[in-house]
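Here is a brisk report on one protein model.

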Amino acid sequence: TLKELDLYTNPLGRAGAAILAKNTTLTGLNLGESDLGDVEAAALSRSTTLVRLNLARCRIGEDTLARNTSITMLSLAGNPIGDAGAAALARNTTLCELFLPGTAIGDRGAMALACNTTLVHLYLDSTRVDDAGAIALAGNTTLRMLNVGGCMVDDIGIAALARSATLTFLVVPGDVDDDTAVSLTRNASLATLWMDEGSFIDNA
């Protein structure tokens, strides 16, 4: 029985997405760069068996996938979902891993996601998240992996993340002052720290 299907860059269209949405055996589906839009995403959101779904760099701008109750790992990287899409996803209670780099999310979206209590891995690299968003995310106690590399987060936001007692993996912009860098290295929960400009610290 087919459980995993990779159709990366395959232009399925509405008919193909509708057929896949009705499949009752697939648990993993990769449709990255498949030129799918909101209509196709809405069809896929009705799946009750999909657990992992990659829709990176498609044309999805609405919040239809937020209503799905089976998916635990979702990638919408490169889709223009913005703060409204992030807020909708934040209300989902089954997602554990969420990949949202390059999605035009700002502080309001980050603040909404910070209130989610099921997300464990969150990737917001290359978005518009600033210090306010980072401070909100630092207060989340369920996140273990967080990526805000390539964002506009400065020393204030990074210092807040350095005080997290639950993050074990963190990616932040690399241009930080010495005091902030020291506070990051002294964090007791962080096992792995990546800084944008190539520095890497392993506290394990």
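## Burial and the cysteines

A residue counts as buried when its relative accessible area is under 20%, as exposed when it is over 50%, and as partly exposed in between. The model discussed here is predicted. Cys-58 has a relative accessibility of 9%, so this cysteine is buried. Cys-96 reaches 28% and is therefore partly exposed.

How many disulfides does a search of the whole structure find? The search returns zero. Cys-96 shows why for its own case: the closest cysteine sulfur, in Cys-115, lies 17 Å away, too far for a bond. The cut-off for a disulfide is a pair of cysteine sulfur atoms within 2.5 Å.

## Overall fold

The protein has seven helices and ten strands. Its radius of gyration is 17 Å, close to the 17 Å from the globule rule for 204 residues, so the protein is as compact as a globular protein of that length. The C-alpha trace spans about 55 × 30 × 30 Å along its principal axes.

Of the 204 residues, 51% are buried. Contacts between residues at least 6 apart in sequence include a 39% share that joins residues at least 24 apart.

## Surface and charge

The side chains include 14 positive and 23 negative ones. The centres of these two sets are 13 Å apart.

## Ala-17 in helix α1

Helix α1 covers residues 13–22, and Ala-17 sits in it. Is Ala-17 buried or exposed? Its relative accessible area is 0%, so Ala-17 is buried.

Setting aside neighbours within four places in sequence, Ala-17 contacts Leu-12, Glu-40, Ala-43 and Leu-44. Asp-6 is eleven residues from Ala-17 along the chain, and their C-alpha atoms are 13 Å apart.

## Leu-29 in strand β2

Leu-29 belongs to strand β2. This leucine has a relative accessible area of 4% and is therefore buried.

Which residues does Leu-29 touch, not counting those up to four places away in sequence? They are Leu-5, Leu-20, Leu-44, Leu-50, Arg-52, Leu-53 and Asn-54. Leu-44 is also in contact with Ala-17.

Asp-35 lies in the loop between β2 (28–30) and α2 (38–44). Its relative accessibility is 47%, so Asp-35 is partly exposed.

Beyond residues up to four places away in sequence, Asp-35 touches Cys-58 and Arg-59. Cys-58 is the buried cysteine with 9% relative accessibility. Thr-9 is 26 residues from Asp-35 in the chain, yet their C-alpha atoms are separated by 7.5 Å.

## Gly-133 in helix α5

Gly-133 is part of helix α5. Its relative accessibility is 0%, so Gly-133 counts as buried.

Apart from neighbours within four places in sequence, Gly-133 is in contact with Asp-107, Ala-110 and Met-111. Where does Val-153 stand relative to Gly-133? The two are 20 residues apart in sequence and 8.2 Å apart in space, C-alpha to C-alpha.

## Positive phi in two loops

Arg-57 is not a glycine, but its phi is positive, near 55°. Arg-57 sits in the loop between β3 (52–54) and β4 (73–75). At 45% relative accessibility, Arg-57 is classed as partly exposed.

Ser-126 also has a positive phi, near 60°, and is a residue other than glycine. The loop that holds Ser-126 runs between β6 (121–123) and α5 (131–138). Ser-126 has a relative accessibility of 47%, so this serine is partly exposed.

How values were computed. Residues numbered from 1 in each chain as written. Predicted model: local features only at pLDDT ≥ 70, side-chain atom pairs only at ≥ 80, totals over all residues. Heavy atoms only, no water. Helix = DSSP H or I, 4+ residues; strand = E, 2+ residues; numbered from the N terminus. Rg over C-alpha atoms; globule rule 2.2 N^0.38 Å. Buried < 20%, exposed > 50% of the residue type's maximum accessible area, 1.4 Å probe, protein only. Contact = heavy atoms within 4.5 Å. Lys, Arg positive; Asp, Glu negative; His and termini not counted. Charge placed at Lys NZ, Arg CZ, Asp CG, Glu CD.
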